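I opened the notebook to go through one model from the whole chain down to single residues. Entries follow in the order in which I looked things up.

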Amino acid sequence: MAEKNNFEEQLNQLQMIVDNLENGQLSLEESLNQFQAGVKLSKELKQELSKAEETVAKLIESDGSEKRLDPNDASAPKE
């Protein structure tokens, strides 16, 4: 399986799918295939955003002070 694209690349792919669908030049079958791919990408992007939100929530405590995450924490952001 090919290496998973990063968030920005996936977002660009989703935008291209939306543009293709809005163009109206695709056949019904092509439109359905593009739509299905777009739904899949949308779900993957939503999961990535949820992970990012969780990380931000861990970094900011209720009083607004910053909190450092343990770099060994499995939920810490990956570089």
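The model is predicted, so I take local features only at pLDDT of at least 70 and side-chain atom pairs only at pLDDT 80 or more, while totals for chains, interfaces and linings use all residues. Residues are numbered from 1 along each chain as its sequence is written, and side-chain values use heavy atoms, with hydrogens and water left out.

Whole chain. I looked up secondary structure and found two helices and zero strands in the protein chain; these are DSSP runs numbered from the N terminus, H or I of at least four residues for helices and E of at least two for strands. Of the 79 residues, 10% count as buried (buried is under 20% relative accessible area, exposed over 50%, partly exposed in between, with a 1.4 Å probe and protein chains only). Taking contacts (heavy atoms within 4.5 Å) between residues at least 6 apart in sequence, I find that 35% join residues at least 24 apart.

Helix α1. I checked the length of α1, residues 7–23: at 1.5 Å a residue its 17 residues should span 24 Å, and the end C-alpha atoms are 24 Å apart, which agrees. The expected span is 1.5 Å times one less than the number of residues. At the start of α1, a side-chain oxygen of Asn 6 comes to within 3.2 Å of the backbone nitrogen of Glu 8. After α1 comes Gly 24, with a positive phi near 80 degrees.

Sides of α1. Gln 10, Leu 14 and Ile 17 are buried. They cover an arc of only 55 degrees around the axis, so they lie on the same side of α1; the arc is taken from the directions from the helix axis to the C-beta atoms. On the other side I find Glu 8, Asn 12, Met 16 and Glu 22 exposed. The cover over the buried residues of α1 includes α2.

Which residue forms a salt bridge with Lys 51? It is Glu 48, with the closest N and O atoms 3.7 Å apart. The cut-off is a side-chain nitrogen of Lys or Arg within 4 Å of a carboxyl oxygen of Asp or Glu, and the structure holds one such bridge. Lys 51 and Glu 48 are three residues apart in α2 (residues 28–59), therefore separated by about one helical turn. Glu 48 is partly exposed at 28% relative accessibility.

Terms used:
Polar contact = N/O pair within 3.5 Å; in protein donor to acceptor, adjacent residues only side chain to side chain.
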